[in-house]
Amino acid sequence: MDRTEVQTNGDSLYTLLEISKTASNEEVRMAYKKAAKKTHPDAHFSVPGKFEEVNMAYSILANKKQRILYNMFGDNILPLLTEKRYSDYIDLIITKRFMSVFIVSLTLLLLCTVFYPYMILLAGVHVLPYFTLTLIPHVLLYTLIISIVYTVCSPDVKHRVISHTVVTALILVQCVVSALYIDGLISTQCIIYTGACTEAGYIASEVLKTYQYMSINSWLFICRRTCDSVLSLLYILCVMNRVAISGLLLTGTSPYLRIVPVSAYALVFLMKYKYSAVSAVLVSGGVCVCGALIVFLSHGEIGVIGWSVVLGMFCVSVVLAGYLMYKIFNLIGKAAWSSITVLEKYRIERVPLRV
């Protein structure tokens, strides 16, 4: 029987070997010998396929790293553990270094999302001398995620995400430069030059997105496809919103008014990348609300009532962070690991015709 087809029929591997989760390696080995004798095809009254299940149970429970994953996620992860091609990924993931990186990444994610308004508040009351310092978690999180992607993923996936990596980096650069300008650390000319360079970077990202077809098409096709993308309505709207954001920043307009083009940019950006209209509207509305909150907290002088509201919101944020972490681990635990091959199927879905 093929190992990828082995199933436990609802019974756990520990039940197959008739041992507890706290069993030692020696107990696992002894239980395997006992179960193998009972279920061997040459034994009387042996159930077809049971011997293969026992072998699978022992091969997983005798492996320290695979046993850790199995104890965490149970039978849901068996399709992943029984595929030898994923053994290298498992050896990489179940290490102290990778787990430390995961915990740090999760902490940075919370600082960048749920707790970011309170970092702005710290800058508003001058605990942090510059607003730019509040973007440090974003930069670190981006660096860690890119490092993980380029360490774990296959070359095909790396090639596929290059353009998304560039776009994310450009957005982060725009945020950092804007914060530096608000803190008075850079000049107006620097904002203009950076804006021109980022626009060139966005065009380069469109070229990189099309460059994956280079092996089957000519440069003429790449240029034509890039031009079609750059001249599309959604791309032009994105450019207009970026210009509007920079323009309102340079003219010293009210910070609350600057939220409007940022929210509109989020809406157009998500629609450009094929997100549903409902998702784009919800995210855009969330950006608008969070932006207003951030501007409000950035002033620092919010009064007793304001501090009471902030304290209440902080408690809600802690609960939300706990719920978010619970959902992440719950999602991982209930993941359809049999569909993990999506990572390897993440290729060009529709091969364009040669031009």
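1. **Helix 15, buried side.** Ala280, Ser284, Gly291, Val295 and Leu297 are buried in helix 15. Buried means under 20% relative accessible area, exposed means over 50%, and partly exposed lies in between (1.4 Å probe, protein chains only). Seen down the axis of helix 15, its buried residues fall within an arc of 155°, so they line one face of the helix. The arc is that of the directions from the helix axis to the C-beta atoms.

2. **What the model is.** This is a predicted model, in which local features need pLDDT of at least 70, side-chain atom pairs count only at pLDDT 80 or more, and totals for chains, interfaces and linings use all residues. Residues are numbered from 1 along each chain as its sequence is written, and side-chain values use heavy atoms, with hydrogens and water left out.

3. **Helix 15, other side and length.** The face of helix 15 turned away from its buried side carries exposed Val278, Val281, Leu282 and Val289. The helix runs over residues 277-298, and its 22 residues should span 32 Å at 1.5 Å a residue; the end C-alpha atoms are 31 Å apart, which agrees. The expected span is 1.5 Å times one less than the number of residues.

4. **Overall make-up.** The chain has 16 helices and 0 strands. These are DSSP runs numbered from the N terminus: helices are H or I with at least four residues, strands are E with at least two. Of the 355 residues, 34% count as buried. Contact means heavy atoms within 4.5 Å. Among contacts with a separation of 6 or more, 66% come from residues 24 or more positions apart.

5. **Annotated spans.** The unreviewed UniProt entry annotates "transmembrane region" at residues 98-121, 127-149, 161-180, 186-208, 229-250, 280-298 and 304-326. Such annotations may be inferred rather than shown by experiment; positions follow the numbering used here, and feature names are shortened. In the model, residues 280-298 are 100% helix and 0% strand, with end C-alpha atoms 26 Å apart. Residues 229-250 are 91% helix and 0% strand, and their end C-alpha atoms lie 29 Å apart.

6. **Helix 9.** Which residues of helix 9 are buried? They are Pro137, Leu141, Tyr142 and Val152. They cover an arc of only 130° around the axis, which puts them on the same side of helix 9. At 1.5 Å a residue, the 17 residues of helix 9 should span 24 Å, and the end C-alpha atoms are 24 Å apart, which agrees.

7. His126 sits in the loop between helix 8 (116-124) and helix 9 (136-152). His126 has a positive phi of about 70° although it is not a glycine. His126 is exposed, at 66% relative accessible area. Thr132 lies in the loop between helix 8 and helix 9. Thr132 counts as buried, at 15% relative accessibility. Leaving aside neighbours within four places in sequence, Thr132 contacts Val176, Ala179, Leu180 and Asp183.

8. **Another positive phi.** Glu18 is not a glycine, yet its phi is positive, near 60°. Glu18 is in the loop between helix 1 (13-17) and helix 2 (25-39). Glu18 counts as exposed, at 60% relative accessibility.

9. **Aromatic pairs.** How many aromatic pairs does the structure hold? There are 6. Rings of Phe, Tyr and Trp (its six-membered ring) pair if their centres lie within 6.5 Å; planes under 30 degrees apart count as stacked, over 60 as edge-to-face and the rest as tilted. The rings of Phe115 and Tyr118 have centres 6.3 Å apart and planes at 50°, so the pair is tilted. Both Phe115 and Tyr118 are buried. Ring pairs link Phe115, Tyr118 and Phe314 into a cluster.

10. **A pair within helix 14.** The rings of Tyr265 and Phe269 have centres 5.8 Å apart and planes at 40°, so this pair is tilted. Tyr265 and Phe269 are 4 residues apart in helix 14 (residues 255-272), separated by about one helical turn. Tyr265 and Phe269 are buried.

11. **Arg242 over two rings.** Arg242 lies over the face of Tyr202, at 3.7 Å from the ring centre. Arg242 also lies over the face of Tyr235, at 6.0 Å from the ring centre. The criterion is NZ of Lys or CZ of Arg within 6 Å of the ring centre and within 35 degrees of the ring normal.

12. **Gly201.** Gly201 is in helix 11 (residues 188-211). Gly201 counts as buried, at 14% relative accessibility. Not counting residues up to four places away in sequence, Gly201 touches Val166 and Leu170. Gly201 and Ala169 are 32 residues apart in sequence and 9.6 Å apart in space, C-alpha to C-alpha.
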